[in-house]
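Trainee: I have a new chain open and would like to go through it with you. Where do we start?

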Amino acid sequence: MNHKWKISVVSFCFLLLIQNVNAQDCKTNADLDATPGKYLTAAQYPWPAARAEYFNNMKTAADKAMAKKTLEQIEKTEQQSHAGFNLTGGNWENVFSTTGYQYLSNTKLGQYTFQAALYEFFCANGKAKRNSEYSTVLRIYVNRLPLTTLDRFLSGPFGSSLGSYDFDLQFADWKNHKPADVNAKLINLFTYITCNNSSLLEAINSGNGYFQDVAEKDIKPNNQSNYIYRYWFVKKNDLPVLIPVSRKEYLQSLLEYYEREKIYFQKLIAELTADRSNDIKYYSNWQADVNDKIAVVNKALKENTEEWLAKQAIVNKSEDVSQNYKAKLTEQTNYNRFWKFYDNENKSQPLYKYNPEYFKADAASPAKPQFISIVFRYVTMPASLRMFNNFTKQFDFESLRKVVN
């Protein structure tokens with residue numbers, strides 16, 4: 001028998017084993033809550049081809065080795081939290097993944113993730129089955145803030161007029177940018193983050209305590225459909241991860257963006273003219289609009305004191321768009337127009353950036369861990385709550401601080 005075929009047969013049989021839960025008889029899903037489950041490490045994932053791709057997005061042997069070593073350390077720490085815990089109602093299965101690289105401030109870092117998920121058992125035609133989906137999941141992100149699930153609180157606020165026609169212009173070194181490198185360093189405006197929750201910011205910057213996206217008083221018991229996310233953040237030192245963006249920095253970043261718009265609109269007009277496109281009407285006043293945007297920003301830079309310019313930039317994108325509308329300005333050429341700085345107005349948000357003093361290049365590998373985000377997603381059902389409560393009581397957070405130090 002072919003060697004690869006042998007591996008496939010073994011994997012298929014293993015998958016059948018975990019899918020069918022030993023073909024246990026049942027009448028309802030509740031019958032399975034006490035059924036013993038299995039722990040499956042990332043190395044036990046049943047498909048060799050998938051395991052072989054765990055580290056594909058790390059580009060060098062040193063980066064792959066660093067990611068592998070770190071994820072195995074994280075997995076070992078998570079495994080130790082199971083000691084004395086009776087896993088029932090499903091399997092707890094691990095996988096590794098690598099995202100690639102991203103600039104945090106001026107430093108390019110490798111990003112990768114440990115995931116452990118609860119695949120609960122359910123009853124189908126009188127037999128116990130393993131669900132192929134999960135509600136309860138632990139993700140531990142290395143060198144990454146999980147902005148996707150935190151987008152109600154943390155987000156990049158700035159849209160762009162720089163469309164797909166000249167995507168490169170969004171990047172700092174646009175002349176040498178390669179289209180495949182979507183995580184190259186961006187111009188400053190697109191690296192800023194708004195935060196509307198002081199408790200979350202404190203958790204990120206201190207590395208102490210946790211942040212939960214649903215208040216305890218609002219949690220509904222026995223609810224399968226509403227996910228709750230709890231976050232912990234692990235740091236390497238006492239420096240903050242996110243720091244305020246000053247008004248001066250923000251205004252200067254707008255000027256950088258407007259210079260990119262000049263290049264973009266000239267190219268776009270040539271393209272629309274050649275195609276005889278009716279869309280050219282939206283850009284007929286682009287030069288006046290861009291020049292006016294530049295003049296407004298330069299006026300703010302010149303007429304205000306250094307003390308005023310050093311204060312944190314607070315933006316309100318909804319209000320800015322409203323002002324554009326009231327002034328009857330063309331949307332396509334008035335992106336990111338500056339009107340004023342805000343304070344406590346509704347939907348106003350302070351700007352932050354990754355701290356360049358915290359994130360430093362490491363000679364060993366850009367994949368060396370400098371910051372870790374821990375995210376536990378759970379629902380208020382018995383099996384999920386058992387996993388969540390055991391994790392919060394037994395997980396050794398201090399061991400991850402050793403990983404980043």
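Mentor: With a cut-off: a residue is called buried when its relative accessible area is under 20%. Keep in mind that this is a predicted model.

Trainee: OK. Is Pro 369 buried or exposed, then?

Mentor: Pro 369 has a relative accessible area of 5%, so it is buried.

Trainee: Where is Pro 369 found?

Mentor: In the loop between β12 (349-354) and β13.

Trainee: And what is Pro 369 in contact with, leaving aside its neighbours within four places in sequence?

Mentor: Pro 369 contacts Met 66, Thr 70, Tyr 112, Val 142, Asn 143, Val 403 and Val 404. Gln 111 is 258 residues apart from Pro 369 in sequence, yet their C-alpha atoms are 8.5 Å apart.

Trainee: How much of the chain's contacts come from residues 24 or more positions apart?

Mentor: Among contacts with a separation of 6 or more, such pairs account for 77%.

Trainee: Let's back up to the whole chain. How many helices and strands are there?

Mentor: The chain has ten helices and 13 strands. Its C-alpha trace spans about 75 × 50 × 45 Å along the principal axes. Of the 405 residues, 46% are buried.

Trainee: Which residues have the most contacts inside the largest nonpolar core?

Mentor: Ile 140, Ile 372, Ile 374, Phe 376 and Leu 400, in a core of 38 residues. Elements that each supply at least two residues of this core include α3 (61-80), β5 (136-142), β13 (371-378) and α10 (397-403).

Trainee: Take Ile 372. What does it touch, not counting residues up to four places away in sequence?

Mentor: Ile 372 touches Ile 140, Tyr 141 and Val 142, then Trp 232, Phe 233 and Val 234, and finally Leu 400, Val 403 and Val 404.

Trainee: What about the second core?

Mentor: That one is separate, with 32 residues, among them Trp 174, Tyr 192, Tyr 264 and Leu 272.

Trainee: I also flagged Leu 169. Where is its place?

Mentor: Leu 169 sits in the loop between β6 (154-155) and β7 (193-195). With a relative accessible area of 0%, Leu 169 is buried. Leaving out residues up to four places away in sequence, Leu 169 touches Leu 162, Trp 174, Ile 187, Arg 260, Ile 263 and Tyr 264.

Trainee: Change of topic: helices. At what angle do the axes of α5 and α6 cross?

Mentor: Helix α5 (residues 247-275) and helix α6 (residues 286-303) cross at roughly 165°, with axes that come within 10 Å. Angles over 145 degrees count as roughly antiparallel, so α5 is roughly antiparallel to α6. Their crossing is left-handed.

Trainee: Which residues make the contact?

Mentor: From α5 they include Leu 251, Leu 255, Tyr 258, Phe 265 and Ile 269, and from α6 they include Trp 286, Val 290, Ile 294 and Val 297. By class, the contact has twelve nonpolar, three polar and five charged residues.

Trainee: What is in the loop between α5 and α6?

Mentor: Arg 276 is one of the residues there. Arg 276 has a positive phi of about 50° although it is not a glycine. At 76% relative accessibility, Arg 276 is exposed.

Trainee: And Ser 105, what is its phi near?

Mentor: Near 60°, again a positive value in a residue other than glycine. Ser 105 lies in the loop between β2 and β3. At 17% relative accessibility, Ser 105 counts as buried, whereas Arg 276 counts as exposed.

How values were computed: Residues are numbered from 1 along each chain as its sequence is written. This is a predicted model: local features need pLDDT of at least 70, side-chain atom pairs count only at pLDDT 80 or more; totals for chains, interfaces and linings use all residues. Side-chain values use heavy atoms; hydrogens and water are left out. Axes are lines fitted to C-alpha atoms, for helices over the stretch in contact, and angles run from 0 to 180 degrees between N-to-C directions. Helices (H or I, at least four residues) and strands (E, at least two) are DSSP runs, numbered from the N terminus. Angles under 35 degrees count as roughly parallel, over 145 as roughly antiparallel, 65 to 115 as roughly perpendicular and the rest as oblique. A crossing is left-handed if the near helix is turned anticlockwise from the far one by less than a right angle, and right-handed if clockwise. Contact means heavy atoms within 4.5 Å. Ala, Val, Leu, Ile, Met, Phe, Trp, Tyr, Cys and Pro count as nonpolar, Asp, Glu, Lys and Arg as charged, and the others, Gly among them, as polar. A nonpolar core is a set of buried Ala, Val, Leu, Ile, Met, Phe, Trp, Tyr and Cys residues joined through side-chain atoms within 4.5 Å. Buried means under 20% relative accessible area, exposed over 50%, partly exposed in between (1.4 Å probe, protein chains only).
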